[in-house]
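Here's a quick briefing for anyone opening this structure for the first time. Have a look at it, then read on.

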Amino acid sequence: MQRTNHKKIFILIFFLLFAQLLSGCVLTRVSEKSHAREVGNLNLIGMSMDAAKEKLSKEGFDCSDYPETNRVQTESGPRTLIQLDCSKRSLELICPQIRYAVLNVDPQSFKVVLVGKRITEQACF
């Protein structure tokens, strides 16, 4: 009798843990390092803004329709650049992770000069 109760408890715990993994914020999360590598491997610097936007779209990113002009601190000092935010959401419904690739574009040549990368973690509860 005692052995049967332990077996039932272990089965219940197993199913609860399995259900938590399926519904939680664990399965489709990406680390910052992995995200930086993904965006870096796209080799967007030097491309035109439209070509970079198209390449990001093929990788599942959704780019904003309206770029903004901002002052950005670069290695050579502050510059005024056009910024276009592109984002990709993880598959979780409850607490999605949003990964961004920010295109910094030279306003004269419309070429990408910098690419920013960040991740926004959504609160699960």
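Helices (H or I, at least four residues) and strands (E, at least two) are DSSP runs, numbered from the N terminus. On that basis, the chain has three helices and five strands, and the order from the N terminus is α-α-α-β-β-β-β-β. Keep in mind that this is a predicted model, where local features need pLDDT of at least 70, side-chain atom pairs count only at pLDDT 80 or more, and totals for chains, interfaces and linings use all residues. Residues are numbered from 1 along each chain as its sequence is written, and side-chain values use heavy atoms, with hydrogens and water left out.

**Confidence**

- The pLDDT (the predictor's confidence in each residue, from 0 to 100) averages 84 over the chain, and 82% of the residues score at least 70.
- Confidence is lowest in helix 1 (residues 2-23), with a mean of 68, and highest in strand 1, at 96.

**The chain as a whole**

- Buried means under 20% relative accessible area, exposed means over 50%, and partly exposed is in between (1.4 Å probe, protein chains only).
- A contact means heavy atoms within 4.5 Å. Of the contacts in the chain with a separation of 6 or more, 50% come from residues 24 or more positions apart.

- In helix 3 (residues 49-58), the buried residues are Met49, Ala52 and Leu56. They cover an arc of only 65 degrees around the axis, which puts them on the same side of helix 3; the arc is that of the directions from the helix axis to the C-beta atoms.
- What do the buried residues of helix 3 pack against? Their partners are strand 1 (62-63), strand 3 (77-89), strand 4 and strand 5 (112-121).
- Asp50 and Lys58 sit on the other side of helix 3, and they are exposed.
- After helix 3 comes Gly60, which has a positive phi, near 100 degrees.

**Salt bridges**

- A salt bridge is a side-chain nitrogen of Lys or Arg within 4 Å of a carboxyl oxygen of Asp or Glu, and the structure holds three of them.
- One joins the side chains of Glu38 and Lys88 (2.8 Å, N to O). Glu38 lies in helix 2 (residues 32-40) and Lys88 in strand 3, so this pair ties together parts that are 50 residues apart in sequence. Glu38 counts as partly exposed at 24% relative accessibility, while Lys88 is buried, with a relative accessible area of 14%.
- Another links Asp106 and Arg79, with the closest N and O atoms 3.0 Å apart. Asp106 lies in the loop between strand 4 and strand 5 and Arg79 in strand 3, so the pair ties together parts that are 27 residues apart in sequence. Asp106 counts as buried at 12% relative accessibility, and Arg79 as partly exposed at 27%.
- The side chains of Glu54 and Lys58 also meet in a salt bridge (3.7 Å, N to O). Both residues lie in helix 3, four residues apart, about one turn of the helix. Glu54 is partly exposed at 47% relative accessibility, and Lys58 is exposed, with a relative accessible area of 65%.

**Arg99, a charge without a bridge**

- Arg99 lies in strand 4 (residues 97-105).
- Lys and Arg count as positive and Asp and Glu as negative, while His and the chain ends are not counted. Arg99 is buried yet has no salt bridge; Glu38, the nearest side chain of opposite charge, is 4.5 Å away.
- Its side chain does make a polar contact with the side chain of Gln97 (3.1 Å). A polar contact is a pair of N or O atoms within 3.5 Å; within protein, one must be able to donate a hydrogen and the other to accept it, and residues adjacent in sequence count only if both atoms are side-chain atoms.

- Phe110 is in the loop between strand 4 and strand 5, and it is partly exposed, with a relative accessible area of 41%.
- Leaving out residues up to four places away in sequence, Phe110 touches Met47, Ser48, Met49, Ile82 and Val105.
- Glu68 belongs to strand 2 (residues 68-74). The C-alpha atoms of Glu68 and Leu84 are separated by 6.6 Å, with the two residues 16 apart along the chain.
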